[in-house]
Amino acid sequence: MRQLLLALAVLAHIAFSFAYVPFYGNNATGSGVVAKVPIHRRGGRVYNPEWISNMSRFNEVLKSSLKRYSRSKRELHGNQVVRKAISLPEKLAAIGKDGSWYANVEIGNPGQKVEFDIDMTSSDFWVESTTSVRGTRFEARNSQSYVSKDRLVFEDCVGSLDSLVFGDKKFNVEFAHCNPPRASLRTLDPSGSIMGLAQSSLSQTSLPHFFENAKEKGMLAESIFAIEFNSDFSGVLSFGGLARYHDELLFAPVKCTGFWQVLFKTVLVNGNLIQSNILGTIDVTSPFVLAPAEDVRMIYNAISGSEPLGNGFWSYPCSEDPKIHLEYAGWWFPFKDSSLGKVKEYSDYCVGPLVEADLDGRWVIGEPFLRNVVTVFDFGRNSVGIRSL
């Protein structure tokens with residue numbers, strides 16, 4: 001039976017490849033450019049399969065993730081389901097958290113280096129300048145090219161325009177420049193920036209969406225970005241194309257505009273079919289794979305000796321070393337990490353990468369899976385492409 005499923009997957013993969021093989025190589029034609037930006041992880045990994053699991057940190061990160069994903073709602077626009085940001089007095093994402101991915105970006109003239117945290121749950125570009133000595137601060141008065149729109153787009157934030165250098169390419173970008181007053185507790189937070197990579201429906205500022213605006217003005221070869229991890233601590237974020245050529249990218253359409261939510265046809269554990277037709281939100285910043293409690297229990301029940309640890313986490317005998325695959329666009333892709341680390345020192349049990357989470361039936365596909373693939377996010381075709389590294 002397993003051989004038959006694999007044979008059918010190969011045929012589906014071939015058929016899909018001939019049906020839709022867009023070119024996103026370095027030699028993309030058109031008037032725009034491809035920008036390649038090195039990304040780095042702040043403060044090291046949240047988990048490591050070779051380490052003892054830090055459950056207190058896991059719980060803290062899980063709480064923060066659930067908070068981010070609770071700050072939006074679904075709305076029906078015509079015949080399309082769209083996810084919109086809920087009106088809140090604070091930004092959807094925090095700045096300067098350990099374990100987060102960021103890019104060094106130069107802002108202004110002369111250029112000031114600022115760390116832009118990558119966020120997959122918002123679509124705005126934010127630059128926050130606080131009085132704290134922590135983080136990387138942008139001084140608008142020191143940039144000859146800075147333009148303030150003199151319009152509040154969020155609390156203590158004005159719409160602004162300045163040049164941003166991604167890799168070796170320069171773009172004029174509109175962003176929210178935030179200066180919390182000294183009486184505000186926010187001014188004790190680190191300075192820094194957020195690069196929102198979700199779709200424009202999740203905007204909190206109503207400023208022009210970078211990708212839609214850049215493609216419209218011919219600044220990018222394609223209205224896409226791609227993320228590829230090189231190691232536990234580094235990777236490449238590319239705008240307008242791929243950092244290097246990849247053939248046989250497999251694409252599937254986005255099912256709900258806002259987050260990058262796509263359909264994974266099946267879930268296999270050790271070659272056995274466990275789940276079908278799951279909607280997964282791609283989030284390179286999530287160190288876990290989050291799923292409804294019932295789905296998670298079904299998967300761990302397929303791994304001998306599994307038992308719950310509490311707060312949504314599960315463990316299993318490390319000797320089991322389960323092989324977990326997700327079927328996407330007619331092909332099965334394996335998890336890179338089937339363990340978040342040992343439960344405790346000298347334990348024979350490992351913490352599993354799937355965590356129970358109440359997200360209205362949605363999954364969040366995070367690092368344990370995505371470290372094994374290059375992921376392409378296509379605004380123009382409203383689709384996501386994946387290929388094994």
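Which backbone nitrogen does the side chain of N48 reach, and at what distance?

Modeller: The model is predicted, so local features are described only at pLDDT of at least 70 and side-chain atom pairs only at pLDDT 80 or more, whereas totals for chains, interfaces and linings use all residues. Residues are numbered from 1 along each chain as its sequence is written, and side-chain values use heavy atoms, with hydrogens and water left out.

The side chain of N48 reaches the backbone nitrogen of E50 at 2.8 Å, a polar contact (N or O atoms within 3.5 Å, one able to donate a hydrogen and the other to accept it; residues adjacent in sequence count only if both atoms are side-chain atoms). N48 sits in the loop between β1 (35-41) and α2; strands (E, at least two residues) and helices (H or I, at least four) are DSSP runs numbered from the N terminus. N48 counts as buried because its relative accessibility is 11%, and buried means under 20% (exposed is over 50%, partly exposed in between, with a 1.4 Å probe and protein chains only). Not counting residues up to four places away in sequence, N48 touches D232, L340 and G341, where contact means heavy atoms within 4.5 Å.

G96 counts as partly exposed because its relative accessibility is 29%. Beyond its neighbours within four places in sequence, G96 is in contact with R42 and D117. G96 and S193 are 97 residues apart in sequence, yet their C-alpha atoms are 8.4 Å apart in space.
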